[in-house]
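Subject: Structure handover

Hello,

Here is the structure for your files. My notes on it follow below.

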Amino acid sequence: MILHDFLPSGNGYKIRLLCACLDLKVTLKQYDITKGETHTEPFLAMNPNGKIPVLELDDGQCLSESNAVLLYLAEQYNLAEQHKSALLPTDAILRTKVYKWLFWEQYSHEPNIASPRFWLTHNAMTDLKKQMLPDRIQQGHAALKQMEETLATQAFLVGDFMTLADICLFPYTHVAEEGGSYQLSEYPNIQRWIKNIEALDWFIPITQA
Ligand SMILES: N[C@@H](CCC(=O)N[C@@H](CS)C(=O)NCC(=O)O)C(=O)O
């Protein structure tokens with residue numbers, strides 16, 4: 001499989017992290033999204049939305065949308081002996097809780113935490129984005145508060161075992177401070193959760209291919 005990606009991207013890192021967890025080997029092909037490299041004809045043929053990450057399967061089929069790709073990989077490989085069902089539980093309620101965090105991430109977390117980070121770290125701030133920023137930051141704090149409260153009574157987002165929800169939420173949460181407006185020290189339960197994930201033996205940092 002080939003992962004079409006941009007290393008600083010949390011969306012791409014979700015997939016790299018899951019592949020590390022499942023011990024899946026993927027070839028990384030990198031694009032500089034700041035130079036429009038995902039808007040070329042060949043790239044748009046893989047993902048008409050012009051965005052990484054894209055997972056190209058061995059038969060040439062291309063899958064996009066990071067959380068959909070997480071679900072695909074978990075469906076395909078999660079049942080490998082050493083990872084029995086935990087990442088995507090078979091129980092309908094637990095599985096729905098995983099889905100809940102994945103959908104929530106795209107609507108309530110990523111636009112408020114990942115986007116300001118990108119604007120700031122990639123010199124992409126405009127007057128319009130500056131106007132949007134206070135509202136985004138307020139909503140980002142609300143999102144972090146929800147995670148903080150959930151993690152007050154359990155080790156991981158769905159319960160006391162790690163699921164796809166944690167793999168999905170870890171990437172942009174652990175670099176939230178790079179957006180300039182979040183202090184993770186205000187969220188001690190999130191900090192503990194981050195440390196627990198970083199301590200896992202298969203863990204790889206965002207900078208690692
Ligand atoms: N909802 C998509 C978002 C993907 C996305 O925003 N990708 C960004 C990098 S993190 C990108 O490729 N941007 C390039 C562009 O829009 O031109 C996902 O989860 O995969």
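By class, the shell around the ligand consists of 7 polar, 4 nonpolar and 2 charged residues (Ala, Val, Leu, Ile, Met, Phe, Trp, Tyr, Cys and Pro count as nonpolar, Asp, Glu, Lys and Arg as charged, and the others, Gly among them, as polar). This is a predicted model, in which local features need pLDDT of at least 70 and side-chain atom pairs count only at pLDDT 80 or more, while totals for chains, interfaces and linings use all residues. Residues are numbered from 1 along each chain as its sequence is written, and side-chain values use heavy atoms, with hydrogens and water left out.

The ligand is surrounded by 13 residues, the closest being His39, Lys51, Glu65, Ser66 and Gln106; to be near, a residue needs a heavy atom within 4 Å.

Polar contacts here are pairs of N or O atoms within 3.5 Å. Ser66 has a polar side-chain atom 2.6 Å from a ligand oxygen. A side-chain N or O atom of Lys51 is 2.8 Å from an oxygen atom of the ligand. At Ile52, a polar backbone atom lies 2.8 Å from a nitrogen atom of the ligand. Of the 510 Å² of accessible area that the ligand has on its own, the protein covers 81% (Shrake-Rupley method, 1.4 Å probe).

Two backbone details follow. Ile52 is joined to Pro53 by a cis peptide bond, with omega at about 0°. Pro53 is in the loop between α2 (41–46) and β3 (54–56); helices (H or I, at least four residues) and strands (E, at least two) are DSSP runs, numbered from the N terminus. Asp23, in the loop between α1 (10–22) and β2 (27–30), has a positive phi of about 55° although it is not a glycine.

Regards

Key: Polar contact = N/O pair within 3.5 Å; in protein donor to acceptor, adjacent residues only side chain to side chain.
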